[in-house]
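I opened this entry to look up aromatic pairs and one of the pockets. The notes follow in the order I took them.

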Amino acid sequence: MFFRQQANAMTPDDSLTRLATRRQLFQNCGVGLGSIALGHLLQQESATAAESQGELQVLHHPAKAKNVIFLFQAGGPSQLEMFSHKPKLTELSGKATPSEFIEGKRFSFLGKDAKLLGSNRKFTPAGDYGMALSDLLPHHRRIVDKVCFIRSMNTDVFNHGPAKIFMNSGSPQPGRPSMGSWVTYGIGSECKDLPGFVVLQSGPRGPRAGAALWSSGFLPSRHQGVPFRSTGDPIVNLASPQAFTGQKGRDFYDAVAAMNQKRFEATGDQEIQTRIAAYEMAFRMQSSAPELMNISDETQSTLDHYGAEVGKASYANNCLLARRMVERGVRFIQLYHTDWDHHGGPGQTLGKDLELRCQQTDQASAALIEDLHQRGLLDETLVIWSGEFGRTPMGETRNNKIGGRDHFIDAYTCWVAGGGIQPGIAYGQTDELGLSVVENPVHVRDLHATLLHQLGIDHHRFSVKFQGLDMRLTGVKEAHVIKEILA
C-alpha cells in the first residue's frame, strides 16, 4: 500500500528525473561492474580458503608439517634382513624357538615347531650414531642422519588385506576413511588444481585390498584418494573430446554445474556438492595433471639421482612425482610398491626377490629425502616408510625348503623423516632374537596420532559422528603421540 501511494503521488517530471542509464545506475548504487567482479573473486577466494582449511577451520595447535608422503611397502618388508641386526638369532639359526618366546603369539602359516632363521646379510654401522644397516640398502646409508628409525612397531592384524586397511584407516574392516581422507577432511589442501589426496602405484601388481586403502569411508567422497597413472593419461577419461575443448568445454562444465546446483537446492544431498566439485576439479586437471606428470622438464642430474626415466612407470618416477606434488601443495601423497611378501616360495625369496625390491626402492627413497632437504621442503613434509607388518625370526618352509619368513605383527621397523621429527635417531628396541619389543613400543595407532599431531590436529578432539558414534582415525583404544621422536 505504501509503495502504491508513493507511485501515485509521483508527478511526470519526477519520474523523468528518476530515469538513468545502466552505467549511471551501477555507478550510483555502489554495486558497479568492478564491485560485482570483486565480489565474485572474493567469493571464490573464500570458497578456496574454506576448502584449504577443511572442517577444523582452526588447528588445535601449531602444525610442524604441511604435507605427508607415505611410502607404503606393501607385503611386509623383512626388518631382519634390512634394519634389525640380530647376531644371536644368526648364532641360534636352525634351532627350536624357546616356547616362552612365542607363547600367545599369532602367525599366518607357521607351526609351533618352526625353527629360528638367522639372516645372511652383512650389517655395518652407518651415520653419526652407527645405525646398523644391511648391504641391501647402500643408498639408505646417506640418509641415516636425516631420518628416525622406529624399531619397535607393532600392529593387531596378521593377514595382508586387513593389515593394510588397518595401517591406512585404523580399522581392519573396509569402509572406514583412510589417513589421507581424514587429513584432507580436517585441514583441506592448498592446491586447487590437483586433488588433495593422490595415490601412486608401482610393482608387479596392485596392493591387496585395493581401493579400500584410499577410501573416504563415511566422509564426503571428495576426500577419497585419487589414483594417478604413471604412463598415458594421468587419470582415465580425464581428457575431453575434441568437440568440448576450450570455451566449449568450459560452457559444458558450467551447464552441468548449474543443473547439479539446482538439484542440490532441491534435495540438500551433500554428495551433489561433491559431484560439482569433481567436475570443476576435472576441468582444472586437464592442464595441471599432464604438466605435473611430465618429468621431462627435470634436469638429467635429478632424474639420475632418483633413478627415474621419462615415460617409464616405476617407484623412482613416483618418488620424483611425490616431490613435484608437494611443491604444488598436494596435502597427502601415498605411494604403494609391491610385492614385499617373502614366504620363500617362487617370487618370494629372501634372496634375489628381496634384493630386487630393495634395488627398486632404496635409491629413490633416499633421493626423495635428500631432494626435499636440498629444496627446503623436508622441514614441512612428513615422510613415512613402512609396510603393514614385519617378518618372523623363524623360518617358513615352502616347497620343502626353509627360505622365507611369515607375517609378524609384534616387532618390526619403519622410518619417519621431516615434518618436525627428530633426525638421526633410532627409537625402540627388540629382544636379541627380534621376537618381542623390550623398549618403547609403538603401535600403529600411535603412528596415526603422531602424524595428526604434526599436522596440528589433536587426535582426541578430531572425530566425526557416524551411526551414533564419535569416530576417530585412532579408534577407541588409547593412542599416544610419540613425543620422544619430536624435534
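**Aromatic cluster**

I looked for linked rings and found a cluster in which ring pairs join Phe83, Phe149, Trp340, Trp385 and Trp415. The model is a predicted one.

I then looked up the total for the structure, which is 11 aromatic pairs. One of them is formed by Phe83 and Trp385, with 5.3 Å from centre to centre and 80° between the planes. I noted this pair as edge-to-face because its angle is over 60 degrees. The two residues are 302 residues apart, and their pair links distant parts of the chain. Phe83 sits in the loop between α5 (79-82) and α6 (87-91), and Trp385 belongs to strand β8 (residues 381-386).

Is Phe83 buried or exposed? I read a relative accessible area of 2% for Phe83, so Phe83 is buried, the cut-off being under 20%. Trp385 also counts as buried, because its relative accessibility is 2%.

**Second largest pocket**

I next turned to the second largest pocket, which holds about 210 Å³ of space. Its lining consists of 13 residues. Which of them are closest to the centre of the pocket? I listed Arg176, Arg472, Gly475, Val476 and Lys477.

I also checked which element gives the most to this lining, and found strand β17 (residues 469-471), with three residues. Sorted by class, the lining of the second largest pocket has six charged, four nonpolar and three polar residues.

Methods
Residues are numbered from 1 along each chain as its sequence is written. This is a predicted model: local features need pLDDT of at least 70, side-chain atom pairs count only at pLDDT 80 or more; totals for chains, interfaces and linings use all residues. Side-chain values use heavy atoms; hydrogens and water are left out. Rings of Phe, Tyr and Trp (its six-membered ring) pair if their centres lie within 6.5 Å; planes under 30 degrees apart count as stacked, over 60 as edge-to-face and the rest as tilted. Helices (H or I, at least four residues) and strands (E, at least two) are DSSP runs, numbered from the N terminus. Buried means under 20% relative accessible area, exposed over 50%, partly exposed in between (1.4 Å probe, protein chains only). On a 1 Å grid over the protein atoms alone, a cavity is a set of points where a 1.4 Å probe fits but cannot get out, and a pocket is an open set with protein on both sides within 12 Å along at least five of seven lines; lining residues have an atom within 4 Å of a point. Grid points are joined across faces, edges and corners, and a volume is the space filled by probe spheres set on the points. Ala, Val, Leu, Ile, Met, Phe, Trp, Tyr, Cys and Pro count as nonpolar, Asp, Glu, Lys and Arg as charged, and the others, Gly among them, as polar.
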